[in-house]
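This report walks through a two-chain model for someone meeting it for the first time. Please keep the sequence and the structure in view while reading.

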Amino acid sequence: MVEPDPIDREIDALLDVEPSPAFLARVRADMTAQRIEAHAWLGRWTAASAAVLVVLLAIWRGAQVAPLAVPQSTTPAIAALEPSEPIVIEPIMIAPLATADVELGEHQ
Amino acid sequence: MHEWTGRLAGDFVTTDEELARDFDARLVESARLAFRVAFSVLRHREDAEDVAQEAFAKAHRQFRQLRDPERFRSWLVRMVWRMALDRRRGERRRSTREAEHERVRQVSTSDAVEAGERAAMLWDAIDALPEKLRCVVVLASIEGHDLAAVARLLGIPQGTVKSRLFVARQRIKDRLQWLNPTQSIAR
């Protein structure tokens, strides 16, 4: 205790007041409401985060699937352009020059 | 995976419940202190309860940082004091010390009238103190706080509390003497 002083007794008496019996109950109700509100917020945030996650996942999945679809559709077109049988290049026959001289000599 | 999520959810609920339990314990042990600190400033029961309730609501929101009992009480006292002063400043025009006037009005015998007047004068003397001194006087008169307890609540050295208390008492006595020179201080 603080050293007793006559004035202290009077001040003690002035401050000797009690809150109403309903005070604690009111504060507790306030706290409960605050907790419920906090949980509701948490629920809303969780739902919103889950929704965002689903959308992001869908976008990501779409990006993953799209490149696979392209080769499937273009393969037949490319295949159609390619020849079904291998092209055989035949050798070109060139006549020898000597033969031409012989022919000229014969005319002379 | 399922077990892990279950354990995590369980931990979350347990922590939440523990926090709620701890807060309730602090509420029970500090409700009177908060109310009396607010009453010392506002001199009005309903207003004091409102301010104390608001302070507890704030404390509840920050309770993860205020779980230590000593820290909680210290924070609460300062918060209630500040909120009560703000409220009094805001409502100064509305009423002038309803409680003390009511107390004086309610008494019927001459002794009681005298007691009421004395109380009004004492409040007047306390009100006239600078805030630093007033806070020390009020806290020292609530729940039998000793110097160390007041020092802890206000976060100041014990020696400072002692000197402020001495000066405050002296000023209150002087003021009472000035208000009513015929009445003795200690009755």
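## Contacts and overall make-up

In chain B, 62% of the contacts between residues at least 6 apart in sequence join residues at least 24 apart, where two residues are in contact if their C-beta atoms, placed from the backbone, lie within 7 Å. The model is a predicted one, in which local features need pLDDT of at least 70 and side-chain atom pairs count only at pLDDT 80 or more, while totals for chains, interfaces and linings use all residues. Residues are numbered from 1 along each chain as its sequence is written, and chains are lettered from A and ligands numbered from 1 in the order in which they are written.

Chain B has eight helices and zero strands, which gives the pattern α-α-α-α-α-α-α-α when read along the sequence. Chain A holds three helices and, again, zero strands, with the pattern α-α-α. Helices (H or I, at least four residues) and strands (E, at least two) are DSSP runs numbered from the N terminus.

Of the 187 residues in chain B, 32% are buried, and of the 108 residues of chain A, 8% count as buried. A residue is called buried if 20 or more other C-beta atoms lie within 10 Å of its own, exposed if 12 or fewer, and partly exposed in between, with C-beta atoms placed from the backbone.

## The nonpolar core

The largest nonpolar core contains 49 residues, and those with the most contacts inside it are B:Ala34, B:Ala38, B:Ala55, B:Val80 and B:Val136. Helix α1 of chain B (residues 2-42) supplies the largest share of this core, with nine residues. At least three residues of the core come from each of domain 1 (1-93) and domain 2 (122-187) of chain B, the domain bounds being taken from an automatic or database domain assignment. A nonpolar core here is a set of buried Ala, Val, Leu, Ile, Met, Phe, Trp, Tyr and Cys residues joined through C-beta atoms within 7 Å.

## Where the chains meet

How many residues of chain B are in contact with chain A? There are 31 of them, and they meet 23 residues of chain A. The elements of chain B that give two or more residues to this side are α1, α2 (45-61), α5 (110-127), α6 (131-140) and α8 (158-179), and α1(B) gives the most, with nine residues. By class, the side of chain B that touches chain A has 20 nonpolar, five polar and six charged residues; Ala, Val, Leu, Ile, Met, Phe, Trp, Tyr, Cys and Pro count as nonpolar, Asp, Glu, Lys and Arg as charged, and the others, Gly among them, as polar.

## Helices α6 and α8 of chain B

The axes of α6(B) and α8(B) come within 9 Å and cross at roughly 95°, so α6(B) is roughly perpendicular to α8(B), a term that covers angles of 65 to 115 degrees. These axes are lines fitted to C-alpha atoms, for helices over the stretch in contact, and angles run from 0 to 180 degrees between N-to-C directions.

On the α6(B) side the contact involves B:Lys132, B:Leu133, B:Val136, B:Val137 and B:Ala140, which meet B:Val161, B:Arg164, B:Leu165, B:Val167, B:Ala168 and B:Arg171 in α8(B). This contact has eight nonpolar, no polar and three charged residues.

Leaving aside neighbours up to four places away in sequence, B:Val136 touches B:Val150, B:Val161, B:Arg164, B:Leu165 and B:Ala168.

| Pair | Apart in sequence | C-alpha to C-alpha |
|---|---|---|
| B:Leu133 and B:Arg164 | 31 residues | 5.7 Å |
| B:Arg134 and B:Leu165 | 31 residues | 8.7 Å |

B:Leu133 counts as buried because 21 C-beta neighbours lie inside 10 Å, and B:Arg134 is buried with 21 other C-beta atoms within 10 Å.

## Two loop residues

B:Arg43, in the loop between α1 and α2 of chain B, has a positive phi near 60° although this residue is other than glycine, and B:Arg43 counts as buried, with 26 C-beta neighbours inside 10 Å. B:Glu143 lies in the loop between α6 and α7 (147-154) of chain B and has a positive phi of about 55° without being a glycine. Is B:Glu143 buried or partly exposed? With 14 other C-beta atoms within 10 Å, B:Glu143 is partly exposed.

Terms used
Angles under 35 degrees count as roughly parallel, over 145 as roughly antiparallel, 65 to 115 as roughly perpendicular and the rest as oblique.
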